[in-house]
Amino acid sequence: MESGGFAHWLVVVVELSAAFALLLLALAVVVLLATWVVDRNQTGNAVLRNFPVIGHFRYWFLHLGEFFRQYLYSSDREEMPFNRAQRTWVYRAAKNVDNTNAFGSSRDLRAEGVPFFVNAPFPDLGTDHVKPVPVTIGPYAREPYSHAAFFNISAMSFGALSAPAVRALSHGAAKAGIWMDTGEGGLAPYHLEGGCDIIFEIGTAKYGVRTPDGKLDDEKLLAICAHPQVKMVSIKLGQGAKPGMGGLLPGAKVTAEIAAIRGIPVGEDSQSPNRHLDIGNVAQLMDSIAHIRELTGKPVGFKAVLGGAEWIGELCDEVHRRGIGSAPDFIIVDGSEGGTGAAPQTLMEGVGLPLHEALPALIDMLIVKGLRERIKVVCSGKCITAYDVAWALSIGADFVNSARGFMLALGCIQSLQCNRNTCPTGITTQNPKLQRGLVVTDKSERVFHYAKNVMHEVGIIAHSCGVSEPRQLNRGHCRVVGDDGLSIPLEKLFPYPQRESS
């Protein structure tokens, strides 16, 4: 009886499964037929009109290509914006595992634009790297800032980044002794949580320090700068990926918490103006710097993308008219190769100077105007490996910022989902289910190790070049490959200019 009952129920299950399968097959046939009819008769897409149903696979494969290309089809050195070799170097540095290679480099050392460094014949004995010394920013501010680390976290806003990502960066930065730039999204508790030094950025919408009509609220700015961790204030004029355009935070990312921190409505797209309403020329920029520095006592500078250095010359002339103390304490120059969560392709790829032009142009103009020592220079734009950073120091930068390097250290897999709130690693999403994958205690250690290893390996390069501190690298220590496959010194490619006579 028991055996017969089991057999009966088995027959019933099989019959129901078969019926269900036939039903699904029938539904699939109906869907395919309906799709065929729609595709065949629509007029907007020639591929689907000529190849109904199967034409849809084209879009599916295009979508899947974003994810599989980097693993299956691309070589180690051909992807953009960062190739596999670069990402692997960052991942290994962040995990603090052996980062040596065997059997030679896969990097083409004859490719145009490749930098390499000129080793000294007799480097110092007893060590294999040199350490940075503190640099003082803002000597005319009431609270000057001295900072040794030359590799720091670039501007990334809470809102564009998730809370766990900001927390991990904050804790990792504190352990590494580096600063963290808040980006234009205001100061969140997560920025302060780890105890790291903070650069507070004022964007064009003045998030976090805005009046209801978008002007600067002095009381809110004072309250933020009262935090001892906030060391400097940066006025954002523009960023590399979208010069001349304000930032956009999609409404899906504007949670109640983010809205409260920024001072904007919940759930609505937030578009920043393309420039500060109160800064329309060099004189007004200088006025704003002076006001914020006097109000807060902190060093104040600005972040910009250069389309040319002429206006920097005008700014320097205005400094000389007003007095040396009026100068911006620092300038952050962002190359046009900078990244962001969302920007029009036209701006991202076709507007602004790339860092390899913008940085020497800025440094040279400050030298010509006699303000190189007064105004410290920070650069950002795809500097994620030790030789990228060493190149920037050789050109003349005092500090190098990185955003995407630290995103990779957090576990970013370059899935290109930053603007969709679907980041699979929980870094650039406000979806709690996806954020769960980012464990703060683990990722903060990776942030720490990445910063430490970049600076250590830049120290190795500097030691090999025979200098006693990484910032002593100059244009004579670095060569760049030209279009003929032969290298020339940076000092020949970008000769040091003479200072103007007073």
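Guide: Leucine 434 belongs to helix H15, which spans residues 432-435 (helices are DSSP runs of H or I with at least four residues, strands runs of E with at least two, numbered from the N terminus). The model is predicted, so local features need pLDDT of at least 70 and side-chain atom pairs pLDDT 80 or more, while totals for chains, interfaces and linings use all residues. Residues are numbered from 1 along each chain as its sequence is written, and side-chain values use heavy atoms, without hydrogens or water.

With a relative accessible area of 25%, leucine 434 is partly exposed (buried is under 20%, exposed over 50%, partly exposed in between, for a 1.4 Å probe and protein chains only). Proline 424 lies 10 residues away in sequence, and its C-alpha is 6.3 Å from that of leucine 434. Beyond four places in sequence, leucine 434 is in contact (heavy atoms within 4.5 Å) with Asn421, Thr422, Cys423, Thr425, Gly426 and Thr429.

Lysine 206 counts as buried because its relative accessibility is 4%. Its side chain makes a polar contact of 3.2 Å with that of aspartate 278 (N or O atoms within 3.5 Å, one able to donate a hydrogen and the other to accept it within protein, and residues adjacent in sequence counted only if both atoms are side-chain atoms). Setting aside neighbours within four places, lysine 206 also touches Gly214, Lys215, Leu216 and His276, besides Asp278.

Aromatic rings complete the account. The whole structure contains 7 aromatic pairs (Phe, Tyr or six-membered Trp rings with centres within 6.5 Å; planes under 30 degrees apart are stacked, over 60 edge-to-face, the rest tilted). One of them joins phenylalanine 302 and tryptophan 311, a tilted pair with 5.8 Å centre to centre and 40° between the planes. Phenylalanine 302 is buried at 0% relative accessible area, whereas tryptophan 311 is partly exposed at 24%. Phenylalanine 406 and tyrosine 450 have ring centres 5.0 Å apart and planes at 75°, so this pair is edge-to-face. Phenylalanine 406 lies in helix H14 (residues 404-410) and tyrosine 450 in helix H16 (residues 440-464), so the pair ties together parts 44 residues apart in sequence. Both phenylalanine 406 and tyrosine 450 are buried. Elsewhere, Tyr145, Trp179 and Phe399 make up one aromatic cluster.
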